Amino acid sequence: MTINEKIKELRKKANLTQEALAAALNIAYQSVSKWESGTASPDISHLVPLANIFGVTLDELFDRGKDTEERDLTEYLAREQQLSHNGLIEERLSLWQEAAAKYPNNHTCLRYYANALWKVRYLDSIPFETRTEYLGKSIAINERLVKEAEELSVRFGALQILIFSLSDPKFPFADEKKAVEYANMAPSFHCTRDLFFERAYFTEENKEKSRGICHQNILSMFDYATHRIRTQSWATPEERIAAYETVVKLWNTMIPDGNFLFYHCRLAETHTSLANNYAMLGDREDALQNLTAALHHAAAYENQTPGEVHYTVPWLSSAYADCARSTKSAPITQIGQLQNALSNTWYDFLREDAEFIAICDTLK
C-alpha cells in the first residue's frame with residue numbers, strides 16, 4: 001500500500017474529512033486531496049504531524065517493515081544510477097523526495113535527497129527563488145546529517161555539500177565563517193579513504209587491487225589539478241588561453257597515447273573554451289583548430305563502449321573507465337554542449353567560412 005492510499009485509509013478510520021485533516025496540518029485541503037489521489041506526496045515536514053494525528057508510528061504510516069525498506073532502497077539506488085547517468089536532475093530530485101518522505105530517518109535517503117536539492121542550483125529553467133528554497137532545504141538536511149550520521153561517508157558527504165553551499169556567493173546562504181568551521185571537521189587531504197585503500201591492500205593476493213586504486217588516484221588528483229587551473233577567474237582571453245593550453249599539454253603528457261577514455265570530455269570542454277577565446281580575439285586559424293579538436297574528443301567520449309575499459313599507458317594501466325557508470329550534471333551530450341557554444345556571437349565572423357560550416361554540419 002502506498003503512503004497516498006494509507007493516508008486515505010487512516011483518515012477515514014479516524015472519521016476525518018479532508019478539510020479537517022488539512023486544518024489540523026495548517027495546509028490547504030487541496031493538498032490532502034492531491035496526496036490521496038497520488039498526484040503529490042506529503043512534504044517531509046508533514047510526516048510526524050500526520051503520524052501523531054492518526055496515532056500511528058511512521059513505520060505504520062508507510063505500511064512497511066525493515067525488509068521492505070532495504071528492498072526499496074536498493075530500487076531507489078538503481079534508479080539513481082540511471083537518472084544520474086543521463087543528467088536528469090529534476091527527475092532525480094523527485095525520486096529522492098519520494099524516498100525521503102517514505103523513510104525520513106534513513107540517512108542514505110536523506111543524503112541523496114540533500115544532494116539532489118543542491119544539484120538543482122545548476123538549472124536556469126527553474127526560478128532563482130525556487131532554487132534558493134531547495135538549497136536552504138539541502139543545507140538543513142546536511143546539518144542534520146553532520147550531527148546524526150554515524151557512517152563516516154554520509155557525514156563527510158554532508159560536510160562537502162555544506163561547504164560548497166555556504167561558499168557560493170550567488171545564494172543568500174553564503175557564510176565564510178560557517179564554511180570554514182565545517183571544513184575544519186573534515187580530515188586533511190592525505191587522510192582520505194581512496195589514499196588509505198592503497199596501503200590497506202598490502203598482500204600479494206591484493207597487489208593488483210592496490211595498484212588499480214593507485215592509478216585511479218593519480219587520475220583523480222590530476223583531474224582536480226587541471227580543473228583548478230582551468231576554472232580560476234582569469235581576467236582576459238589571453239590569460240584564459242594560456243591556462244587552457246597548459247591544461248591540454250598536461251593531459252597529453254599524462255596520456256600520450258591518446259587513449260583518454262572518460263577524460264575525452266575534459267579535453268572536449270577545454271578545446272571548446274580555447275576556441276571560444278580565440279574567436280573572441282578574431283583568430284580564425286586557432287579557433288577552427290580547437291573546434292576540430294573539441295569535435296574529435298566529444299565524439300570519442302560519446303562513442304565509448306560500455307563496460308570496464310583500461311587505460312593503456314603503463315602508469316595508469318590498472319585504472320579503467322566505464323561510460324555506463326558516468327554521471328552528468330545536465331541532460332546534454334558533449335556534442336550538444338559544443339553545438340551550444342557555436343551559437344555565441346563571437347563566432348559570427350566565421351558564419352560564412354567553409355571550414356566552420358563543415359564543422360557545424362558534422363555536429364547536426
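**Note on cavities, pockets and helix packing**

1. One cavity of 30 Å³ or more is counted in this structure. The model is a predicted one, and the points below should be read with that in mind. The largest cavity holds about 40 Å³ of space.

2. The lining of the largest cavity is made up of Asp223, Thr226, His227, Arg230, Val247, Trp251, Arg266 and Thr270. By class, that lining has two nonpolar, three polar and three charged residues.

3. Which helices supply the lining of the largest cavity with at least two residues each? They are α13, α14 (237-254) and α15 (264-280). Of the contributions to this lining, that of α13 is the most, at four residues.

4. The second largest pocket is a separate feature to look at. Its space comes to about 400 Å³. It is lined by 13 residues, and those closest to its centre are Trp118, Arg121, Tyr122, Asp168 and Lys170. The lining of this second largest pocket divides into seven nonpolar, two polar and four charged residues.

5. The remaining points concern helix packing. Two packed helices are described by the angle between their axes and by the distance between those axes.

6. Helix α13 (residues 207-230), already named for the lining of the largest cavity, also packs with helix α12 (residues 193-200). Their axes come within 8 Å and cross at roughly 150°. Because angles over 145 degrees count as roughly antiparallel, α12 and α13 are roughly antiparallel to each other. The crossing in which α12 passes α13 is left-handed.

7. On the α12 side, the contact with α13 is made by Asp194, Leu195, Phe197 and Glu198. On the α13 side, Ser210, Ile213, Cys214, Asn217 and Met221 take part. Sorted by class, the contact of α12 with α13 has five nonpolar, two polar and two charged residues.

8. Towards the other set of helices: α2 (residues 18-25) packs with helix α3 (residues 29-37) at an angle of about 115°, and their axes are 8 Å apart. Is α2 roughly perpendicular or roughly parallel to α3? The angle makes α2 roughly perpendicular to α3. The two helices cross in a right-handed sense.

9. In the contact of α2 with α3, Gln18, Glu19, Leu21, Ala22 and Leu25 belong to α2. Their partners in α3 are Tyr29, Val32, Ser33, Trp35 and Glu36. This contact has six nonpolar, two polar and two charged residues.

10. Helix α2 also packs with helix α4 (residues 47-54), at an angle of about 125° and with the axes 10 Å apart. That angle makes α2 oblique to α4. The crossing of α2 and α4 is right-handed, and a right-handed crossing is likewise found for α2 and α3.

11. Which residues of α2 meet α4? They are Leu21, Ala24 and Leu25, and they meet Pro49, Leu50, Ile53 and Phe54 of α4. By class, the contact of α2 with α4 has seven nonpolar residues, no polar and no charged. Leu21 and Leu25 of α2 take part in this contact and also in the contact with α3.

Terms used: Residues numbered from 1 in each chain as written. Predicted model: local features only at pLDDT ≥ 70, side-chain atom pairs only at ≥ 80, totals over all residues. Heavy atoms only, no water. Axes fitted to C-alpha atoms, helices over the stretch in contact; angles between N-to-C directions. Parallel < 35°, antiparallel > 145°, perpendicular 65-115°, else oblique. Left-handed = near helix turned anticlockwise from the far one by under 90°. Contact = heavy atoms within 4.5 Å. Nonpolar A, V, L, I, M, F, W, Y, C, P; charged D, E, K, R; others polar. 1 Å grid on protein atoms, 1.4 Å probe; cavity = no way out; pocket = protein on both sides within 12 Å on 5 of 7 lines; lining within 4 Å. Points joined across faces, edges and corners; volume = space filled by probe spheres on them.
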